Amino acid sequence: RRQPLFPPPSRGRSGSPSAARASPGAMAVVGRRPLAVAAAATLFGSAAGKVVIDAMKHDIQLITMSNFDGVISKFRDSAVSSLWFFKEDSKADASFLDEYNKAAGDLKGMAKVCAISCTDWPVFCDKQGVKETPAVMVYPTNPMPAFKYEGKMEGKAVSAKVARFIPDFSTKLTKDAMDAWMTTEPSKPKVVLFSNKKSAPTILKALSSETVFKRTVKFGFVSEEEAEVVKRYKVTKFPTVMMVRGTKAETKENYKGEMTFSALKDWVNLHSESGMGDKVAGAGGGKEESVEEAKPWLVQEIPELTAKSHNDICFKGEGLCVIYLKDGDITQAETDMLSGLSKKFTSQLSDRGAKMKWMWMNVAVETEYKALFEPAVLPSAVVFNPHKRLRFAKMDHGEDNEVKGDEQALSNLMDKVLGGDARFKMVPGQKLPSWAVRQAGKNTEL
């Protein structure tokens, strides 16, 4: 006996059509119409004022009462979702379809933009308190409660509302915070967005809160207003996305693809596996802390010599240490001066196998070292040999201390050292002085 072309759908206990359980990849079935009818409705639905969501045509995810928990509720701890309640034969819903699909396109990959048919699932819609359609519910991350969207029924308005609730795990970076952030957890790649905007855009927020990335990658945001940071990283156009890798942040790579979430996600994903994401609980089971301590001196051109940094920047490895002595903090002009001298003498020494490491010391804090070096005036400088026999050569300020500790005086000191004419003084007892302990803004002797 011949089977009818469109056999009536069987019904389960939930009252939903079993025909709705289409195989993966098939066109989403709306209502009680089988696949062929839904396909035909795609061609003629708009004229008839019907809502037809086509998986090949739309970015909207059509869900059912049965999979609501699996698609939305299950991921409320990490993902933001929206849900459009519609009736298939509603002209108002039919006219809203394209607008809602624009929102889905804007948020593709960043938030779940879903829809459910109240024609097929009236009991579910009633339980959600939906009396009229179109209606949109927004589901922020826990513990924020779901709420009904009350704004304009336009794509841009809907996407903007949903985007506001995407978690932001990125860090807004300033010149003061940049170096510490760059060197904390060195096993994790750092992705930095340099922008002419004042705050992190939706794409960066979504990348930073992505399930894997929030464990394995660090995301930062630098505004164009942070001119020193922008100049230091040689950024000339906005937006620029840069990935920095390596223990000393030595590997820098600019992103050259499309500024879309999916393209950026693929690019970041190439390096996300290297992230360790190790955390340890603080004392008493309190706030988690990274097992990898920040070492900002590793990425600074002219780092400060302190108890924590002295091994990394001076005492370990080869070379002599050129220490600029200041009674207080170093200025940007002084940093630029020292950086220029560092480049000049590095170039001169490149074929001689000698190495000079440049740094500065605040002798107003490191009082024991001020007593050791006995600078006649400040600023001043010493060239310190940290290997085997500890010894140092001082800057000559003249008989009447008329020579300032400027660029010329530093160049003269370097020329004497490199020419073998400098007089080195031994450190008494070959024992380093005590370092100042820096904690909570207070300085005490170690």
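Mentor: Strand E7 (residues 190-195) and strand E8 (residues 218-223) run parallel and are joined by six bridges. Within this pairing, Leu 193 stands opposite Phe 221 of E8. The model is a predicted one, and both strands belong to an open sheet of five strands, in the order E6-E8-E7-E9-E10, with mixed pairing. The edges are formed by strand E6 (171-172) and strand E10 (251-254); each has a single partner strand, so one side of each is left without a neighbour in the sheet.

Helix H10 (residues 261-272) lies across E7, E8, strand E9 (240-245) and E10, and runs at about 10° to E9. H10 has twelve residues and spans 15 Å from its first C-alpha to its last, close to the 16 Å expected at 1.5 Å a residue. Its buried residues are Phe 261, Leu 264, Trp 267, Val 268 and Ser 272. Seen down the axis of H10, these buried residues fall within an arc of 145°, so they line one face of the helix. An α-helix has 3.6 residues a turn, so residues three or four places apart point the same way. The buried residues of H10 pack against E7, E8, E9 and E10, and also against H7 and helix H8 (213-216). On the face turned away from the buried side, H10 carries the exposed residues Asp 266 and Leu 270.

The buried residues of H5 are Gly 155, Val 158, Ser 159, Val 162 and Ala 163. They cover an arc of only 130° around the axis, which puts them on the same side of H5.

Six of the six residues of strand E15 (residues 380-385) are buried, so E15 is largely enclosed by the rest of the structure. Ser 380, Val 382 and Phe 384 point one way from E15, while Ala 381, Val 383 and Asn 385 point the other way, and all are buried. In a regular strand the side chains alternate between the two faces of the sheet. E15 pairs with strand E13 (residues 320-326) in the antiparallel sense over five bridges, and Ala 381 of E15 is the bridge partner of Tyr 324. Four bridges join E15 to strand E16 (residues 391-394), also in an antiparallel arrangement, with Asn 385 opposite Arg 391 in E16. The hairpin of E15 and E16 has five residues between the strands, and there Lys 388 takes a positive phi near 55°.

Finally, a word on confidence. The mean pLDDT of the protein is 84, and 81% of its residues reach 70 or more. Among the elements, strand E2 (residues 81-86) has the highest mean pLDDT (98) and strand E11 (residues 279-281) the lowest (40). Over residues 274-291 the pLDDT is below 50, and this stretch has 28 contacts in the model beyond near neighbours in sequence. Residues 440-446 also have pLDDT below 50, with 17 contacts beyond near neighbours in sequence. Where pLDDT is low, the predicted coordinates should not be read in detail.

Conventions: Residues numbered from 1 in each chain as written. Predicted model: local features only at pLDDT ≥ 70, side-chain atom pairs only at ≥ 80, totals over all residues. Heavy atoms only, no water. Pairing = 2+ DSSP bridges. Helix = DSSP H or I, 4+ residues; strand = E, 2+ residues; numbered from the N terminus. Contact = heavy atoms within 4.5 Å. Axes fitted to C-alpha atoms, helices over the stretch in contact; angles between N-to-C directions. pLDDT = per-residue confidence, 0-100. Buried < 20%, exposed > 50% of the residue type's maximum accessible area, 1.4 Å probe, protein only. Arc of directions from axis to C-beta. Expected span 1.5 Å × (residues − 1).
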